[in-house]
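I opened this notebook to record what surrounds the ligand. My entries follow the order in which I looked things up.

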Amino acid sequence: MSNKIQAIRGMNDLLPDQSAAWQYVERQLRSLVDRYDYREIRTPIVEQTALFARSIGEATDVVEKEMYTFDDRNGESLTLRPENTAAVVRAALEHGLLHNQTQRLWYMGPMFRYERPQKGRYRQFHQIGIEAYGMDGPDIDAEIILLSARLWRQLGMAEHVTLELNSLGSPAARANYRDALVAYFETHREVLDEDSLRRLTSNPLRILDSKNPAMADMLAGAPQLLEHLDDESREHFERLKATLDAAGVTYRINPRLVRGLDYYSRTVFEWTTTALGSQGTVCGGGRYDGLVEQLGGKPVPAIGFAIGLERLLLLLETLDLIPAEAQAGADAYLLAMGEQAELQALLLGERLRDALPDLQLQVHCGGGSFKSQIRRADRSGAHVALILGDDEIANGTLTLKPLRDNGEQQTLPLDDAIAWLGRQSGQA
Ligand code: ATP
Ligand code: MG
């Protein structure tokens with residue numbers, strides 16, 4: 001029996017070899033949201049349990065069985081956020097961000113769900129989300145879909161994802177539809193599995209989501225939500241589709257797309273891929289016009305989406321779309337031979353960083369033979385080793401030894417060496 005403490009199941013360490021790819025994706029995401037002028041909001045990762053129970057819905061998978069809920073020392077029930085929309089609405093209401101104004105917001109960070117861990121499904125995972133408040137027309141729906149489509153193009157993966165689209169209609173239309181659906185399911189009770197029988201009273205729309213092959217035929221014959229839409233939702237949906245058509249965004253209408261959380265209405269969509277097995281949804285979103293009121297505010301229309309970053313990274317890695325330069329190591333590795341040089345190397349390192357703000361430099365620490373220092377320089381991924389010995393100190397020079405190509409080793413006056421490094425790190 002090992003008594004080493006290990007990470008919690010389903011919660012991953014992100015090791016240095018992986019972080020460059022994450023940073024690459026995060027950079028792409030940040031530049032994208034900037035280009036659309038969305039602004040970042042950061043909320044705590046813990047909220048009162050009631051916030052999620054009231055917004056996501058008591059009868060959803062997330063609230064029924066996926067939340068990390070605990071009592072704090074005062075006996076107050078707290079929950080690690082399973083998603084961030086509820087918290088954004090909470091914060092926006094608390095700080096008056098929704099009063100007679102529109103907001104375009106984004107967030108990025110960890111979410112927590114107690115699920116069975118598997119590829120693409122973890123207990124701590126990360127999302128970036130986009131949320132737009134105060135706009136009720138299909139134009140903003142189209143904007144956030146266009147934003148997501150631009151992201152796939154920017155990352156080079158546009159042909160590997162498909163947009164699925166549906167409308168859930170108004171709450172009233174949904175209630176009508178729910179009745180029709182329950183009536184249909186009642187006449188097919190014998191085909192329903194245990195999960196579906198339970199959902200029949202709590203959340204019958206979710207039965208449509210079932211992947212159980214034994215229910216597939218029955219589900220194919222179920223009444224469709226799109227046939228029960230109210231006139232306004234139908235018009236909204238038609239205008240959204242027309243805008244996407246005009247923008248050249250292709251989509252597939254999926255009448256069974258209902259999304260997991262209760263608060264959605266009208267437009268819902270997902271971007272899916274076939275390259276990740278059953279964890280194929282990379283991005284999911286939709287409109288939640290009733291949520292702000294549900295959480296105690298005046299009604300404010302809203303729409304948003306969330307992208308699962310682990311799935312996005314898995315997909316990019318599977319497709320080999322992480323650019324090599326995103327993985328690169330240091331530009332230079334400074335090593336020192338001789339006692340005097342060892343002391344001088346750190347100081348020279350500082351001087352080089354003053355002169356070359358973009359230089360990525362590692363200074364060798366801990367002494368050792370020339371051979372062992374060169375081996376470390378090589379392992380650092382640096383393009384060039386900078387060698388400081390007693391001769392160099394006496395002459396005010398520095399020796400440059402290229403590590404990745406067959407360039408000549410050369411000893412240059414320090415200023416020339418700095419100029420050379422400046423050209424190497426692209427800032428002559
Ligand atoms: P799924 O049907 O795969 O469980 P979901 O409908 O529960 O997804 P959302 O709540 O809409 O997912 O979250 C948006 C995105 O976050 C998902 O499309 C997915 O990419 C990602 N995601 C959700 N749950 C997890 C998880 N446990 N691990 C990793 N990523 C997740
Ligand atoms: Mg889920």
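Entry 1, polar contacts. I worked from a predicted model. I began with the backbone of T281, where a polar atom lies 2.8 Å from an oxygen atom of ligand 1. I then turned to R113, where an N or O atom of the side chain is also placed 2.8 Å from an oxygen atom of ligand 1. At G308 I found a backbone N or O atom 3.4 Å from an oxygen atom of the ligand.

How much of ligand 1 does the protein bury? I noted that ligand 1 taken alone exposes 590 Å², and that 87% of this area is buried by the protein.

Entry 3, the shell. I looked up which elements give two or more residues to the shell around ligand 1, and these are β6 (124-133), β10 (281-287) and β11 (302-308). Of these contributions I recorded that of β10, three residues, as the largest share. The shell numbers 14 residues, of which R113, E115, R121, R259 and T281 come nearest to the ligand.

Domain 1 is made of two segments, 16-169 and 229-318, while domain 2 covers 329-424. Over C-alpha atoms, I noted a separation of 47 Å between the centres of domain 1 and domain 2.

Notes:
Residues are numbered from 1 along each chain as its sequence is written. Chains are lettered from A and ligands numbered from 1 in the order in which they are written. This is a predicted model: local features need pLDDT of at least 70, side-chain atom pairs count only at pLDDT 80 or more; totals for chains, interfaces and linings use all residues. Side-chain values use heavy atoms; hydrogens and water are left out. Domain bounds come from an automatic or database domain assignment. A residue is near a molecule or strand if one of its heavy atoms lies within 4 Å of it. A polar contact is a pair of N or O atoms within 3.5 Å; within protein, one must be able to donate a hydrogen and the other to accept it, and residues adjacent in sequence count only if both atoms are side-chain atoms. Accessible areas come from the Shrake-Rupley method with a 1.4 Å probe; for residues, only the protein chains shown count as cover. Helices (H or I, at least four residues) and strands (E, at least two) are DSSP runs, numbered from the N terminus.
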